[in-house]
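Good morning, and thank you for coming. Please look at the structure on the screen while I go through its main features.

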Amino acid sequence: MRRSATTLSRRAIGLIAGVPTGLAGLGWCGLAWVAGERRARTVTATLVRLERARLAAWYDHHAGGARGGRAYLALRGLTGLLGGYLAAMGAFVAALLLYGGAAQLASGEADLLPLEFPGLRLIGSSWAYGLVLGAIVLALTGAWSAAVIGVERHLADRFLGPDPNEAMTRRIAELTVSRSGIVRAVDEERRRIERDLHDGVQQRGVALAMLLGRARHTADPALLDEAYVESRRLLDELRSVAWRVYPTALDTLGLREALTEVADRSAVPVRVAYAVGGRPAPEIETAVYFVAREAVTNANKHAEAGLIVVEVRAREGEVAVTITDDGRGGAVPGGGLSGLERRVRALDGSFAVDSPPGGPTTVTARLPCA
């Protein structure tokens, strides 16, 4: 609720801020013909940069690309002036009606006013009319403001975004980088599995074979008991390696249960908050799981944390996982985190690590649902 109110207030400020920038753009479009070509390009580029900054700051809308000119400034100026003026007037009228109705209701000095429609005549208190009409005007103003913001975003995408060739070139470059990242991530995972097998499973297997060989020649019951214990340890090590490679709970029970298993295996207390309706796509579940598991493992090893919080939420067409610990902070991208980032980037997601010295550390990954 608080985040929605903050978003609405920021967009309202952005809409109001668009009135003077729109007026400046329209004014410049009318004066550009008297300026030299070089000066015209400079001023136009400056106004376009201001528009980009406004869209990013108040609408969270980033229009990539190097385009933008007087056509955009003219259309955006008309939209901004008309939209901002009507939105401000609507908010002002709604505030007057709501304030007047509330004041009359509080004072108890309301008049009875008739409203006549074809075949219908209503008589009600003036404060009721004020509150109802104020709410209607406020709702219409909100709908109008949302429409204006949508038009401004469309204009930014149309005139400020990259042209098709630039967008295709950029996309090819992103796919090339993500493909290389996937290859490196697979190689690193293979090396990690090999280390786990060599340092854990193989060593226990050799120890078990030696114990069985000694027991075969001496028939010592104590050696047989020790071999049995070692075989149990070997099985536990195999299960642990298999779990680190890919947990069966992720396929059979889903992401929530797999994260619960991660929490149960953690030496540091882990609280899991899961708010995803239905099951995401398998590749999304896998990426979210490995991000959470690696972040929890790192917090156990390095953070000296007392609590780890894992939050998984679905909103606005994406699944977001956030892992926060109250440890000492100072984590830097690299190692396992770089592998996680490549895995997320390969799915067109975003990955971020915020870990100031002294903590807390927050690892965030966002993956598109589609």
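Let me begin with a definition: a residue is called buried under 20% relative accessible area, exposed over 50%, and partly exposed in between, with a 1.4 Å probe and protein chains only. This is a predicted model, in which local features need pLDDT of at least 70 and side-chain atom pairs count only at pLDDT 80 or more, while totals for chains, interfaces and linings use all residues. Residues are numbered from 1 along each chain as its sequence is written, and side-chain values use heavy atoms, leaving out hydrogens and water.

By that definition, A139 counts as exposed, because its relative accessibility is 51%. A139 is found in helix α4, residues 126-159; helices here are DSSP runs of H or I with at least four residues, strands are runs of E with at least two, and both are numbered from the N terminus. Between A139 and G90 there are 49 residues of sequence separation, and their C-alpha atoms are 9.4 Å apart.

Which residues form a nonpolar patch on the surface? They are L82, Y85, L86, M89, F92, V93, L96 and W144, with about 770 Å² of accessible area together. Areas come from the Shrake-Rupley method with a 1.4 Å probe. Helix α3, residues 70-107, supplies the largest share, seven residues. F92 is found in α3 and is partly exposed, at 49%.

I turn now to the strands, which pair if DSSP finds at least two bridges between them. β6 and β7 form a hairpin with six residues between them, and G358 in the turn has a positive phi of about 95°.

Finally, the interior. A nonpolar core is a set of buried Ala, Val, Leu, Ile, Met, Phe, Trp, Tyr and Cys residues joined through side-chain atoms within 4.5 Å. The largest has 35 residues, of which V291, V310, V312, V321 and I323 touch the most other members. Helix α9 gives the most to this core, 11 residues.

How values were computed. Patches are made of residues with over 30% relative accessible area and no salt bridge: like charges are joined within 9 Å, nonpolar side chains (Val, Leu, Ile, Met, Phe, Trp, Tyr) within 5 Å. A salt bridge is a side-chain nitrogen of Lys or Arg within 4 Å of a carboxyl oxygen of Asp or Glu.
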